[in-house]
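Please read the structure below together with its sequence. The dialogue that follows takes up several features in turn.

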Amino acid sequence: MHSEQIKAWAVSRSIYMGGNVLEIDPYNRLSIKPQILNEHMVSFGNRKELVFTNENLLKLHRVGFSLPEIGFLMSHPFQALKKINLLRKIGSSLKANVRSKAYLRLLLAVGLEATAVHLNEDKKCRSIIGSDKGIVEFYLDGDPLPLASLYKKEGSVWTVTITALQKKAKVRISFKSVDVGIKSCLGQLNPQVCSALGDYTIDGYLPLMDKIGYCARITGHDLPILGS
Amino acid sequence: MRSRSNSDQLFKRAASVIPGGTYGHLSPASSLPRHFAHFCSSGKGVYFHDVDQNEWMDFMCAYGAVIHGYQNPIIESAVEKQRSVGTVFNHPHEVSIELAEKLTQLVDFASWSVFAKNGSDLTTWSIRVAREHTKRTFVVKARGAYHGVDAWCDPGMGGRIESDRADILEFEWNDLEQLEGIFKARKDQIAAVILTPYHHAAFAPSVMPEEGFWAGVRNLCHKNGTILVLDDVRAGWRLHEKGSHKYFGFSPDMTVYSKALGNGYAISACVGIPELKNAASEVFLTGSCWSDAVAMRAALTSLEICEKDSVASLVLDKGKYFCSGLENLALEFNFKLRMTGPTSMPYPWFDGDDNLYRIQNFCQIASKYGLFFHPHHNWFISNAHDQVSLDKALALARSSFEEMQNEL
C-alpha cells in the first residue's frame, strides 16, 4: 500500500472499529465493514453503494464531511444514506468530548485500529515492529477487564479487540484515570513523563510497548484522532 | 512504598525543561518508575541516597560507571589534587601520556591509546579507523547488542533514516556459521566486526561465548583482513585486570573502554594494535573537554587500584558468593532464578518469565527493602561490596522472596 492508501484504509478501519465499540447492531455494523476496491477507493460494505476515494476519506477524517462516489451511491441510494447516517453517528460520538469510560474506550479502540493498520502496512512501522508478536492490554486502573487489546498471533496480522482475550498479555498498560487515558489517546501526554509520575503504569515486556507506542505516535501524527 | 514526594516534585520540574524529564538509560520509564527514585542526592561506598533521604544498597553502580564504590577515597584524593591545578587547558596535561602508557602496559596487544568521554564516542570512531585502514565499508555486529547512542547502533527508533544502517550487518551471537556466511556474501567488503566480550542485551538473559566462538571470530577476521573491535565499555575491568579479552583468551585489534575506567568520571579510551596507529591518526577525533585531566587522573588511579588489588578477580568472587546465595534463596521459595552472565555483572532471569512480570515484581518488592535491583539490565558488583553488605542484601532478598511467595 502507498502512503495515502494506508491512511485512508486506517480511517475506514477506525470508523468500523468505532461502530464495534458503539455496539451498533451486527447487521448495520457489517454493512459498513470496509473493503479495498482498488488502490484508490474503499467501499463501506460489500454492496459498493458507499464508496470513497482515498483522498475523500482523508478529507472526511480532516473536516468531517466529504462526498462519496456518486455513481456507486446512485445504485442503492437509500442504503447508502443509511450508511452515511451510521458514519455520521460514529463521527459525532468521536467528537463528543465527554469524560467517560465509554468515550475513553471509543478513542482508544479507534486509535489502536489506526495503529494496527500502520503496524501491518506502513514500511517504517513494519520495520520497527519486526517479528514481535503478543498481546498488549489497556486497562483503566482497578478494572478487572481491559478496555481494549492489540494483539498479533503467529502468522497473523496486528488486530484490535474490545473483548477480553484468554491468553496472558505480553504487556499491560493501566491508565490512572479516564482523563489520563483520553489525553493519552489524543497524544497530549508525554509517555515517559506519565510513566514516571504514575499517570499510567506499564508492566511486562516493555520493548514491545516502546515499539507500539512509537508507531502509535507516527500514526497519530499522520492521522490525529479527531482530525485536524 | 518508600517516600518519594521530593523525587516527584523534582521530576515535574525537570519535565518542564528537559525532554521526557530524564532521558536515555536513566529514564524512569525503562526501570521501575514508581518504585525507584527519580533523583539521587549522594553516594558513598555501596550505598546511595535519593532526594527523599531514602538509603539504597546499590547493585547497579551508576549502570557500571563505578567499580570501586561511590567516592572511593584514594581516587577522590588524586582527583582533588589534580583539580587544584586545573583540568582543561590549551594543551593536554601530562597525565594523558601517563594514562596512555598505563593502558598500553596493561593491555597486551595495545601500542597506542586515545581518549574521549563516552563509550559511543569511541565505538563509532573505532569502526571509522577500521574503514580507514581496510578501505572497506561494511561493519558486522551481533543482533541486539548495544554499542552506543549513534544512529548506526542505537536501540531507539526516533531520528533514524534508512541509510544510517545500510552498511551494518548483523548475525546471532554465537552463530559462527552465520558470521561466516556474511563474510562469504560480502567478500573483501567487511571493515570491522564489533562485539562485546559476551552478549549482554537488555531485557534478556546474558549469553556467554560458546567454546570456540572467539577463536572462530578471530580466525574469520584474520582470514578476511577484517578488524576485530572489542566493545569492552560495560565489562572492562570487571572480568580481568588486563581487559576482558584475557578472560576469554583471544586478541582483538582494538578495544574500547569506558564506564568503570573512570570510576564515575567521564572518560573513554580506545586502544589498538601498532598496525592501526596510522589509520587512527587519520580519523579526526576531538572534543572540547576530552583532554580532561581530572577524569584522566581518576582513570589512572582507578586502573592502578584495579591492578594492585586484582579488583576484577575480587568482584568476580564477590559476585559468585552473592549470585549463588540469591539463586539458593530463590529455590528455597520455589522460584527458579538464574543469575546469567559473569558473576561480577549478573543478569537475573526467572525461568519461564519471558514477559518479565516476575522479575519486575521481585525488584519492586526488593525496592521496599532498599535494594536497588534492576529488572531489565545486568547488575554490577563493585569492590566496595563486602561480606557484610552482601549478607545484608541476601537477608533482605530473603524477605523479598518470602513476600513474593505470599502474594501468589
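Q: In which loop of chain B does B:Gln71 lie?

A: B:Gln71 lies in the loop between strand S3 (55–58) and H2 of chain B. Helices (H or I, at least four residues) and strands (E, at least two) are DSSP runs, numbered from the N terminus. This is a predicted model, in which local features need pLDDT of at least 70 and side-chain atom pairs count only at pLDDT 80 or more, while totals for chains, interfaces and linings use all residues. Residues are numbered from 1 along each chain as its sequence is written, and chains are lettered from A and ligands numbered from 1 in the order in which they are written.

Q: Is B:Asp188 buried or exposed?

A: The idea is to count neighbours: a residue is buried if 20 or more other C-beta atoms lie within 10 Å of its own, exposed if 12 or fewer, and partly exposed in between, with C-beta atoms placed from the backbone. B:Asp188 has 11 other C-beta atoms within 10 Å, so B:Asp188 is exposed. B:Gln71 has 15 other C-beta atoms within 10 Å and is therefore partly exposed.

Q: How is the length of helix H9 of chain B to be checked?

A: The expected span of a helix is 1.5 Å times one less than its number of residues. Helix H9 of chain B (residues 293–309) has 17 residues and should therefore span 24 Å; its end C-alpha atoms are 24 Å apart, which agrees. H9(B) is followed by B:Ser310, whose phi is positive, near 50°.

Q: How many residues of H9(B) are buried, and what do the buried residues pack against?

A: In an α-helix there are 3.6 residues a turn, so residues three or four places apart point the same way. In H9(B), 12 of the 17 residues are buried, so the helix is largely enclosed by the rest of the structure. Among them are B:Ala293, B:Met296, B:Leu300, B:Leu303 and B:Cys306. The buried residues of H9(B) pack against helix H2 (73–83), helix H3 (95–106), strand S4 (112–116) and helix H10 (311–332) of chain B.

Q: Which strands pair with S8(B)?

A: Two strands pair if DSSP finds at least two bridges between them. Strand S7 (residues 190–195) of chain B runs parallel to S8(B) and is joined to S8(B) by 4 bridges; B:Ala192 has B:Ile227 as its bridge partner. Strand S9 (residues 254–257) of chain B also pairs with S8(B) in the parallel sense, over 3 bridges, and B:Leu230 stands opposite B:Thr255 in S9(B).

Q: What unit do S7(B), helix H6 and S8(B) make?

A: A crossover is right-handed if, with the strands pointing away from the viewer, the path from the first strand over the helix to the second runs clockwise. S7(B), helix H6 (residues 213–224) of chain B and S8(B) make a right-handed β-α-β unit.

Q: How many residues of chain B are in contact with chain A?

A: Two residues are in contact if their C-beta atoms, placed from the backbone, lie within 7 Å. By this test, 19 residues of chain B are in contact with 18 residues of chain A. H1(B) gives the most to this side of chain B, with 3 residues.

Q: How many helices and strands has chain B?

A: Chain B has 12 helices and 13 strands, and 47% of its 408 residues count as buried.
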